[in-house]
Amino acid sequence: MFFLSPGESGPRVVLVQSLLRLKGINVRITGHWDSACMKSVGEYRTELNLPAYGSVTPNVFFNLIQGCKLKVIDAVDASAGSAAVGSKRELEQAGIKPLMNPRVPGHGVAKAVDGIVERSKNHQIGLLRLYGHGNGGHWISIALGDPYHLRHSRSQKDQEEYQRLKADWQSYLDYSHYERHRPTLSRITPFFANFGSVEIHSCTVGSKNQALIRKMAETWGVPVTAGMGIQSGGQYFQNRWGEWVPEMFVMEGEVFTAYPRSGSLKSWAATIEASVPNWVYNLKQFTKKVTGR
């Protein structure tokens, strides 16, 4: 479902810090897992009868979101071949039922948005993860398949298929067609928690399409993060703490993040710091002061 390791920075940390605060843990919302954040995570892990030192594992995160009317939504381009199969398998093994976006020429993005809106009912989105191909950083495939290998094939048949996919801009996101998609994508905006964010698990999108990522952040009013390099998924890697981390739940390598209103992690985290209530913690402190316990 979600995995956050010590030392990380970015919107994923803001999400965890916000949830900790809503659970009554005193923590500053900074977007950085520093020593203070480590202490707060440790306090919550202790409440779960876990060792204080450690990551926000799927089990810890599952408990964090209970009672918060919050969802993590995973949407997969179902036509993306082995990548889609691997993504679906890994998500289902973690107990997640992903949204599988089928190939519907002329309606791919719209159908995907329908699914996200339906899944969001009566909840807010804490994290939206989009899985698909990045076409070498040129597109974000939503319900299209794998254009990258077709584009690099010498086969005339593959080249003709690539041109058919390219013509179906309604099934992928790119900068040149973005304004046509904006009204459709805007349907998701009201469902985001103010501390929510979007992750695009497509290869090299952040390296070549940063202007597109900025437009998405403006539309949704939350940060949007995309990988600069390969986002493989479907495997595990060992982090520096010796923990085995599922690649489906993290962004691999260097990333690019666009923040709403051309902001930064610092300015966005400050906004969330001022908006997420700390009343549970304050009530605990008041009760301790009055009762001495």
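Tryptophan 220 is buried, at 3% relative accessibility. Buried means under 20% relative accessible area, exposed over 50%, and partly exposed in between (1.4 Å probe, protein chains only). This is a predicted model: local features need pLDDT of at least 70, side-chain atom pairs count only at pLDDT 80 or more, and totals for chains, interfaces and linings use all residues. Residues are numbered from 1 along each chain as its sequence is written, and side-chain values use heavy atoms, without hydrogens and water.

The structure holds five aromatic pairs. Rings of Phe, Tyr and Trp (its six-membered ring) pair if their centres lie within 6.5 Å; planes under 30 degrees apart count as stacked, over 60 as edge-to-face and the rest as tilted. Two of them are tabulated here.

| Pair | Centres | Planes | Class |
|---|---|---|---|
| phenylalanine 2 and phenylalanine 61 | 4.4 Å | 25° | stacked |
| phenylalanine 192 and tryptophan 220 | 5.9 Å | 50° | tilted |

Helices (H or I, at least four residues) and strands (E, at least two) are DSSP runs, numbered from the N terminus. Phenylalanine 192 is buried too, at 7%. Phenylalanine 2 and phenylalanine 61 are both buried. Trp139, Tyr162 and Tyr172 form one aromatic cluster.

In helix α11 (residues 265–275), Leu265, Trp268, Ala269 and Ile272 are buried. The opposite face carries the exposed Lys266 and Ala274.

Disulfides (cysteine sulfur atoms within 2.5 Å) number zero. For cysteine 68, the nearest cysteine sulfur is that of cysteine 37, 16 Å away.
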